[in-house]
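Reader: I would like to learn how to read the features of a structure such as this one. Could we take them up in turn, with the general idea before the particular case?

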Amino acid sequence: MSSVAVIDYGMGNLHSIAKALQHAAPDVDVQIVADPELILQADRVVFPGVGAIRDCMQALNQSGLSAVIQSVAKTKPFLGICLGMQALLTDNEENGNTKCLDILPGHVVRFSDGLQDSEGNKLKIPHMGWNQVHFLPHPLWDNIPQDSRFYFVHSYYAIPDDTAVIAATTEYPDAFACALAQDNVFAVQFHPEKSQAVGLQLLNNFLHWNGQI
Amino acid sequence: MSLAKRIIPCLDVADGRVVKGVKFVDIRDAGDPVEVARRYDREGADEITFLDITATHDNRDTIVHVVEQVASEVFIPLTVGGGIRTLDDIRRMLNAGADKVGINSAAVFNPEFVREAAERFGSQCIVVAIDAKKVSQPGEVDRWEIFTHGGRKPTGIEAIGWAQKMVTYGAGEILLTSMDRDGTREGFDLPLTRAISEAVTVPVIASGGVGNLDHLADGVIKGKADAVLAASIFHFAEYTIQQAKEHMAARGIEMRL
């Protein structure tokens with residue numbers, strides 16, 4: 001039986017993601033773990049997170065999990081979700097430019113105030129709800145229709161230095177990178193665990209992915 | 001391509017059953033909450049909200065079990081409101097599988113609680129529920145105030161300023177209920193919805209008064225709501241969520257179909 005470790009570093013609700021992984025692939029052993037050894041032993045790693053980036057990075061640095069993430073992000077199929085995606089970039093302007101893991105070089109910035117849609121309606125921040133995801137070929141999109149809607153809730157978004165790592169974009173109102181892919185690392189700004197059938201399909205794809213593109 | 005407006009069915013839960021009454025009287029049983037949530041998920045609900053209206057503290061555990069069960073098989077955002085007064089109440093609901101909690105009277109009695117909750121759990125899971133009622137007379141400039149206890153107790157707090165204050169305290173979303181319209185089936189209070197939605201930066205969910213599908217569309221088009229919440233029109237199978245979404249889409253609203 002293959003195993004997936006959901007990294008527990010005290011940021012947010014891991015039950016949703018664990019339940020969704022279990023539902024997406026009943027044949028996989030899903031563990032919520034804080035112990036570096038167990039994370040290093042797992043076949044695949046999910047790095048979730050909600051909340052503020054400064055608290056997230058503090059928790060990772062104090063627990064020593066930063067080094068563990070650096071290691072597994074080089075070796076195993078690795079899925080970052082929401083704040084777990086943002087933490088992979090170089091830095092984040094939230095909380096006065098917080099230094100992050102720099103696994104995917106680039107920056108995380110806030111949506112500007114005063115954004116409007118094409119009809120002149122004010123766009124709210126956070127970007128919350130179901131928005132369309134336009135993706136480029138990657139095994140994690142298997143059996144997912146192009147431009148499917150996934151559930152988002154965030155106020156910051158990633159701008160990678162190398163646009164070749166962009167695996168999907170979403171418009172709010174301009175296109176931003178909502179998924180990044182580099183070797184065995186895949187990261188999404190939306191919440192697959194809350195995106196009903198297409199979200200479960202993406203999790204299922206991840207749980208059967210060998211980390212190759 | 002753009003963000004879809006959301007339809008959120010609301011389940012009023014008392015002692016483990018879905019109930020719906022007009023202004024908390026004439027309560028009708030509408031079924032088992034887990035069954036009802038499953039049906040709404042199948043029909044395409046964008047989120048589901050549970051409002052715990054259990055009268056006694058002893059029966060509060062039932063809502064936790066309901067959320068646990070729903071969260072293990074329904075993979076869309078779940079919000080729980082009703083009786084959320086402490087950080088521990090929030091932790092219990094999130095651990096049970098809720099994604100957001102609705103804070104209502106506790107915010108009125110102690111606004112700092114909203115700040116503490118947002119700092120501890122993140123704004124994304126803090127929905128501040130506002131029950132507002134019109135207090136201006138015909139011919140006067142519109143004024144709405146916050147009421148507690150199911151719309152019975154006035155607080156004297158002006159609603160638009162209150163909504164803005166709650167956002168600065170960390171609310172990630174506002175659930176706005178018109179106590180004049182709740183249970184009447186006459187449609188949302190559109191001027192109230194629009195006034196609040198235009199005054200705050202975060203999404204606003206319109207609630208209170210839905211009697212037909214045009215009311216839902218009006219909430220978005222005229223009320224500028226980001227999401228619409230309704231209970232009774234869905235519980236008794238007058239309309240399915242799918243019908244509601246198709247109707248709204250036909251009126252030009254971006255929906256997840």
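This is a predicted model: local features need pLDDT of at least 70, side-chain atom pairs count only at pLDDT 80 or more; totals for chains, interfaces and linings use all residues.

Reader: How should I express the size of the interface, and how much area do chain A and chain B bury between them?

Author: The size is often given as the accessible area that is lost when the parts come together. Here chain A and chain B bury about 2900 Å² between them, with 52% of it on carbon and sulfur atoms. In chain A, the residues that lose the most area to chain B are Lys124(A), Met128(A) and Trp130(A), which together account for 24% of what that side buries. Counted by residues, 31 of chain A are in contact with 41 of chain B, and 22 residue pairs are in polar contact across the interface.

Reader: Take Gln196(A) as an example: is this residue buried or exposed, and what does it contact?

Author: Gln196(A), which is found in helix α7 of chain A, has a relative accessible area of 18% and therefore counts as buried, the cut-off being under 20%. Its side chain is joined to that of Asp41(B) by a polar contact of 2.9 Å. Beyond its neighbours within four places in sequence, Gln196(A) is in contact with Trp130(A) as well as with Asp41(B), Phe75(B), Ile76(B) and Arg256(B).

Reader: Where does Gly51(A) lie, and which residues does it contact?

Author: Gly51(A) lies in the loop between β3 and α3 (53-63) of chain A, and at 27% relative accessibility it counts as partly exposed. Neighbours within four places in sequence aside, its contacts are Met11(A), Leu83(A), Gly122(B) and Gln124(B).

Reader: How does one describe a pair of aromatic rings, and how many aromatic pairs are there over all chains?

Author: Such a pair is described by the distance of the centres and the angle of the planes. The count over all chains comes to 16 aromatic pairs. One of them, formed by Phe47(A) and Phe78(A), is tilted, with 6.1 Å from centre to centre and 50 degrees between the planes. Because Phe47(A) lies in strand β3 and Phe78(A) in strand β4 of chain A, the pair ties together parts that are 31 residues apart in sequence; both residues are buried. Ring pairs also link residues into a cluster, including Phe111(A), Trp141(A), Tyr157(A) and Phe190(A).

Reader: Why can helix α8 of chain B be called largely enclosed?

Author: Seven of the nine residues of helix α8 (residues 213-221) of chain B are buried, so the helix is largely enclosed by the rest of the structure. The buried residues, among them Leu213(B), His215(B) and Asp218(B), pack against β1 (6-14), α7 (190-199), β12 (227-230), α9 (232-235) and α10 (241-250) of chain B. At the N-terminal end, α8(B) is capped by Asn212(B), a side-chain oxygen of which lies 3.0 Å from the backbone nitrogen of Asp214(B).

Conventions. Residues are numbered from 1 along each chain as its sequence is written. Chains are lettered from A and ligands numbered from 1 in the order in which they are written. Side-chain values use heavy atoms; hydrogens and water are left out. Contact means heavy atoms within 4.5 Å. Buried area is the accessible area (1.4 Å probe) that two parts lose on being put together, summed over both. A polar contact is a pair of N or O atoms within 3.5 Å; within protein, one must be able to donate a hydrogen and the other to accept it, and residues adjacent in sequence count only if both atoms are side-chain atoms. Helices (H or I, at least four residues) and strands (E, at least two) are DSSP runs, numbered from the N terminus. Buried means under 20% relative accessible area, exposed over 50%, partly exposed in between (1.4 Å probe, protein chains only). Rings of Phe, Tyr and Trp (its six-membered ring) pair if their centres lie within 6.5 Å; planes under 30 degrees apart count as stacked, over 60 as edge-to-face and the rest as tilted.
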